[in-house]
Amino acid sequence: MARPRYHVLATLPVAWWARKRLGVAGALAAGAMGILIDGDHLVDFAWMRMTGRRDKFLAPLHAWELLALAGVYAAWLRRRRPAGTPDIWGEVVAGVALGWWFHMVQDIATNRPDHAGAYSILNRLWRGFDRDSSGWAGHATFHQWGGAPWWKWL
Ligand SMILES: [Zn+2]
């Protein structure tokens with residue numbers, strides 16, 4: 001599993017690189033999103049605590065569709081920033097999209113789901129967020145972190 005400390009190590013150089021293109025605000029947003037997006041696993045943790053089962057993959061932000069929306073929004077802001085929208089907002093949204101994309105790529109590479117559709121929210125929704133049928137069959141240690149103390153998640 002791509003643990004937060006590995007996301008920090010991989011993401012911070014990308015955020016540093018991004019500062020020339022997206023500005024400091026965009027770089028900070030990329031760094032924050034690339035690391036903190038895993039906070040959405042708290043939804044999975046709540047599910048595991050309530051049911052005692054590890055049979056669902058919820059992680060609502062681990063979703064190509066939402067990433068695509070963020071990317072489209074960032075591109076739209078770059079081309080047609082509405083009057084009154086501060087410049088920094090476009091940088092932040094672009095940084096969020098960059099950090100999000102980079103996180104997803106790391107997760108695909110290191111978590112090795114059965115297919116990239118495991119990170120499609122529509123695929124998971126269609127399958128009732130079932131872990132095995134949505135792309136995590138055969139991952140015996142799936143969400144095993146949920147039984148460990150929180151400081152070991154990092
Ligand atoms: Zn992740």
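Helix α3 passes α4 in a left-handed crossing, a term for a near helix turned anticlockwise from the far one by less than a right angle. The model is predicted: local features need pLDDT of at least 70, side-chain atom pairs count only at pLDDT 80 or more, and totals for chains, interfaces and linings use all residues. Residues are numbered from 1 along each chain as its sequence is written.

**The α3–α4 pair**
- The axes of α3 (residues 64-79) and α4 come within 9 Å and cross at roughly 150°.
- That makes α3 roughly antiparallel to α4, the label for angles over 145 degrees.
- Leu 67, Ala 70 and Tyr 73 are among the α3 residues in the contact, and Trp 89, Val 93 and Trp 100 are among those in α4. Contact requires C-beta atoms, placed from the backbone, within 7 Å.
- The contact residues divide into 13 nonpolar, 2 polar and 1 charged. Ala, Val, Leu, Ile, Met, Phe, Trp, Tyr, Cys and Pro count as nonpolar, Asp, Glu, Lys and Arg as charged, and the others as polar.

**Positive phi in loops**
- Most residues other than glycine have a negative phi.
- Arg 112 has a phi near 50°. Its place is the loop between α4 (87-111) and α5 (121-126).
- Arg 112 is exposed, with 12 other C-beta atoms within 10 Å; exposed means 12 or fewer, buried 20 or more.
- Phe 129 has a positive phi of about 60°. It sits in the loop between α5 and α6 (131-136).
- Phe 129 is buried, with 20 other C-beta atoms within 10 Å.

**His 115**
- His 115 lies in the loop between α4 and α5.
- His 115 counts as exposed, with 12 C-beta neighbours inside 10 Å.

Terms used
Helix = DSSP H or I, 4+ residues; strand = E, 2+ residues; numbered from the N terminus. Axes fitted to C-alpha atoms, helices over the stretch in contact; angles between N-to-C directions. Parallel < 35°, antiparallel > 145°, perpendicular 65-115°, else oblique. Contact = placed C-beta atoms within 7 Å.
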